[in-house]
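Subject: Structure handover

Hello,

Here is the structure, with sequence and coordinates together. My notes on it follow below.

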Amino acid sequence: MLLARMIGLLGPIDMDMLQKGQETHKYFTKEYDLYYINEEANQLEYVIPEESSLEHHLQISDPEFLDFLRYLLEINPERRPTAREALQHPWLSHSYDV
């Protein structure tokens, strides 16, 4: 489930977003546990996001680049940077020796 992968990689979704979400009930229980309906068994099954990291998936060790990616991938749209804000990130002005 894509939502579980996002949570495992980027961290939990803000409670405020879950409470205000119009579709939250389709993916989260009333206690805000992630679930899906197993159609074969016609049962609700809980999904436990597997924790992971950008470093692991991308196999990159540049901390500034990873910080830039995390900045761009912010789940909460109120905290996610605009394009103008993203262009101000220090990683974009870093000079690398070639």
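Glu 55 is partly exposed, with a relative accessible area of 33%; buried means under 20%, exposed over 50% and partly exposed in between, with a 1.4 Å probe and protein chains only. Its salt-bridge partner is Arg 70, with 2.8 Å between the closest N and O atoms. The term salt bridge is used for a side-chain nitrogen of Lys or Arg within 4 Å of a carboxyl oxygen of Asp or Glu. This pair links distant parts of the chain, since Glu 55 sits in helix H3 (residues 54-58) and Arg 70 in helix H4 (residues 63-72), 15 residues apart. Arg 70 is also partly exposed, at 38% relative accessible area. Helices (H or I, at least four residues) and strands (E, at least two) are DSSP runs, numbered from the N terminus.

This is a predicted model, in which local features need pLDDT of at least 70 and side-chain atom pairs count only at pLDDT 80 or more, while totals for chains, interfaces and linings use all residues. Residues are numbered from 1 along each chain as its sequence is written, and side-chain values use heavy atoms, with hydrogens and water left out.

Other salt bridges

The structure holds five salt bridges. One of them joins Lys 26 and Glu 23, at 2.6 Å from N to O. Lys 26 is partly exposed at 45% relative accessible area, and Glu 23 is partly exposed at 38%. Another is formed by Arg 79 and Glu 74, whose closest N and O atoms are 2.9 Å apart. The relative accessible area is 47% for Arg 79 and 21% for Glu 74, and Arg 79 and Glu 74 both count as partly exposed.

Hairpin

Strands S1 (residues 35-38) and S2 (residues 43-46) pair in the antiparallel sense over four bridges; pairing requires that DSSP finds at least two bridges between two strands. Ile 37 has Leu 44 in S2 as its bridge partner. Four residues lie between the strands of this hairpin, where Asn 42 takes a positive phi near 55 degrees.

The largest pocket holds about 280 Å³ of space. Of its 16 lining residues, Ile 13, Met 17, Leu 18, Gly 21 and Pro 77 are the closest to its centre. On a 1 Å grid over the protein atoms alone, a pocket is an open set of points with protein on both sides within 12 Å along at least five of seven lines, and lining residues have an atom within 4 Å of a point. Grid points are joined across faces, edges and corners, and the volume is the space filled by probe spheres set on them. Helix H2 (15-20) supplies four residues, the largest share of the lining.

Surface patch

Met 1, Tyr 27 and Tyr 36 make a nonpolar surface patch of about 280 Å². Patch residues have over 30% relative accessible area and no salt bridge; like charges are joined within 9 Å, and nonpolar side chains (Val, Leu, Ile, Met, Phe, Trp, Tyr) within 5 Å. Areas come from the Shrake-Rupley method with a 1.4 Å probe, and for residues only the protein chains shown count as cover. Met 1 lies in the segment before helix H1 (2-10) and is partly exposed at 42%.

Regards

Technical notes
On a 1 Å grid over the protein atoms alone, a cavity is a set of points where a 1.4 Å probe fits but cannot get out, and a pocket is an open set with protein on both sides within 12 Å along at least five of seven lines; lining residues have an atom within 4 Å of a point.
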